[in-house]
Amino acid sequence: MTTAVAAPFRFFSLQVVATRRLGPSLARVTFTGPGLDAFHSGGRDQSLSLFLPRPGSSEPVVPVGFGDGWWQAWRELPDDRRAVMRSYTLRALRRDARGRTAEIDIDFVLHGVGPGATAPAGPASRWASRAAPGDRVLLLGPAVADNRAIRFRPPGDTDLVLMWGDETAVPAASAVLESLPAGTRVRAWLEVRHAGDIQDVPTEADAEVNWLVQGPGRAARSPLALDAVRDVRLPSGARPYVWLAGESGCVRELRRHFVGERGIDRRRVTFVGYWRHGLSEEELRTRE
């Protein structure tokens, strides 16, 4: 089932076909569905909205029949019925013999689930840690490959890509790295909670990927990469493009460094706050 909303996005009714643990605090869930052939994405840091069922329900409750008015109708549903909505990025998609999307992967950070967890797991982490084939979800995703929910867009004259992401941005950063062509120079700093969460990211780019391990008890209020980034000497005359994604406060700190201290044109810096320390996604959306 696909249901149109604000073009170029649609609702897709999906089910889990496989799960895989990637590390102590990371899991990959693979989805498919009869209408997924209408899902089109150019990849990179493609943003998606995922709707999960409430405990005790087999399917997420979202009033898709309201068309463009679904958002307000969803907000007005009782708390114990309204589907849990979380924002994620597409990790990968696979096509069938006709070139149509057959499966998609979404990677989940299991907050409060891995070893050393100090806070209770949120609803999405709990769902992902228990996901099994046949479980049903609803996805709001792209029906057009080049859409506004893709943020990684380096200018044509870019000769150096600089990237930072925390554990929530590792899927997007990995997808970006895999998409870059040979000869692209990249310096990337990726933060994870555990050393076991470090992944091998195949890329044809000339990429130096630095993995930084936060440790299970560290509060993510400042990017570990900041000191490392300050020590990096950029080539004279370089035309860099900067991509920053993860916790909002860390993103702002790094953006200030690149724009204020490095003097990089702010138009060449893409920054995306995937989450904010101390706030749930519902609270963050309420403040926006």
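**Contacts and burial explained**

Biologist: Why is Arg-230 called partly exposed?

Modeller: The relative accessibility of Arg-230 is 40%. Buried means under 20% relative accessible area, exposed over 50%, and partly exposed in between (1.4 Å probe, protein chains only). Arg-230 therefore counts as partly exposed. This is a predicted model, in which local features need pLDDT of at least 70 and side-chain atom pairs count only at pLDDT 80 or more, while totals for chains, interfaces and linings use all residues. Residues are numbered from 1 along each chain as its sequence is written, and side-chain values use heavy atoms, with hydrogens and water left out.

Biologist: What makes Asp-227 exposed?

Modeller: Asp-227 has a relative accessible area of 54%, and is therefore exposed.

Biologist: Why is the contact between Arg-230 and Asp-227 called a salt bridge?

Modeller: A salt bridge is a side-chain nitrogen of Lys or Arg within 4 Å of a carboxyl oxygen of Asp or Glu. The closest N and O atoms of Arg-230 and Asp-227 are 3.8 Å apart, which gives a salt bridge. Both residues lie in helix 4, three residues apart, about one turn of the helix. Helices (H or I, at least four residues) and strands (E, at least two) are DSSP runs, numbered from the N terminus.

Biologist: How do you know that Glu-59 and Arg-136 form a salt bridge, and where do the two residues lie?

Modeller: The closest N and O atoms of Glu-59 and Arg-136 are 3.7 Å apart. Glu-59 lies in the loop between strand 4 and helix 1, and Arg-136 in strand 8 (residues 136-142), so the pair ties together parts that are 77 residues apart in sequence. Glu-59 is partly exposed at 43%, and Arg-136 is partly exposed at 26%.

Biologist: How many aromatic pairs are there, and what makes the pair of Phe-11 and Trp-70 edge-to-face?

Modeller: The count comes to eleven aromatic pairs. Rings of Phe, Tyr and Trp (its six-membered ring) pair if their centres lie within 6.5 Å; planes under 30 degrees apart count as stacked, over 60 as edge-to-face and the rest as tilted. The ring centres of Phe-11 and Trp-70 are 5.1 Å apart and the planes stand at 85 degrees, so the pair is edge-to-face. Phe-11 in strand 2 (residues 9-23) and Trp-70 in helix 1 (residues 70-75) are 59 residues apart.

Biologist: Are Phe-11 and Trp-70 buried or exposed?

Modeller: Phe-11, at 0% relative accessibility, counts as buried. Trp-70 is also buried, with a relative accessible area of 9%.
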